[in-house]
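This report describes the packing of secondary structure elements in a predicted model.

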Amino acid sequence: MALYRGKYILEGLDEIPPSMEKDLDLAYDICLHLKETSPCEMCGKCCHQPFITVRDTEVERVADYAGIDLYTFATEYLYREDGRWLFRKTNPCAFLREDNKCRIWKERPEICDDFPYMVSKFMSKVYLAITHDKYDIMADLEYMDDTWPCTPIIKGSIMPLIEEAKSKRNQS
């Protein structure tokens, strides 16, 4: 299994060929641009997602910030699956307050900060749109809930960003 940028798992690959890495970089740049230009509106919608991952290196930090001892946090708030920690309660997340604000915002897991722009699922769709002319990313973005503030931003700006990336790709 190959890792892109140390955290994006590319199953079925032992290593990332240089040409693929260049295309992944283009997809990553689009996702990063979206994240940087569309800050979180704190609507709380993503706090209802399954599979909220807490990296091994984040467990102690998040537990400390939440004011929960490490043993309790690991046994009551997390479970282990496929070599990663996942929040047990995610519909909504146990740390989502009544006012849709996060109780652990300053020390939230990286996946919470990355969602929805910098997660593997979305980035892989951007990659496919850059590398395959007949791939219809708009049809494949139907999984996104249109009531989320970030969805119209993504759907309204993704095509010009992909066309620009394709142009960069063709120039190199």
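## Helices H1 and H7

Which residues in H1 meet which residues in H7? On the H1 side they are Asp-23, Leu-26, Ile-30, His-33 and Leu-34. Their counterparts in H7 are Ile-153, Ile-154, Ser-157, Ile-158, Leu-161, Ile-162, Ala-165, Lys-168 and Arg-169. By class, this contact has nine nonpolar, two polar and three charged residues.

Helix H1 spans residues 18-37 and helix H7 residues 150-171; their axes come within 10 Å and cross at roughly 145°. The crossing of H1 and H7 is right-handed.

## Nonpolar cores

The largest nonpolar core has 32 residues, of which Ile-30, Phe-122, Val-126 and Ile-158 touch the most other members. At least two residues each come from strand E1 (2-4), strand E2 (8-10), H1, helix H5 (120-131) and H7. The most are given by H1, with eight residues.

Beyond its neighbours within four places in sequence, Val-126 is in contact with Ala-27, Ile-30, Cys-31, Ile-137 and Ile-158. A second, separate core holds 15 residues, including Leu-78, Phe-87, Cys-93 and Leu-96.

An open sheet is formed by three strands in the order E3-E5-E4, with antiparallel pairing. Strand E3 (53-54) and strand E4 (78-81) are the edge strands, each pairing on one side only.

Four bridges join E4 to strand E5 (residues 84-87) in the antiparallel sense. Glu-81 has Arg-84 in E5 as its bridge partner. Helix H3 (residues 70-77) packs on the sheet and touches E4 and E5; the direction of H3 makes about 65° with that of E4.

Key
Residues numbered from 1 in each chain as written. Predicted model: local features only at pLDDT ≥ 70, side-chain atom pairs only at ≥ 80, totals over all residues. Heavy atoms only, no water. Pairing = 2+ DSSP bridges. Contact = heavy atoms within 4.5 Å. Axes fitted to C-alpha atoms, helices over the stretch in contact; angles between N-to-C directions. Left-handed = near helix turned anticlockwise from the far one by under 90°. Nonpolar A, V, L, I, M, F, W, Y, C, P; charged D, E, K, R; others polar. Core = buried A, V, L, I, M, F, W, Y, C linked by side-chain atoms within 4.5 Å. Buried < 20%, exposed > 50% of the residue type's maximum accessible area, 1.4 Å probe, protein only.
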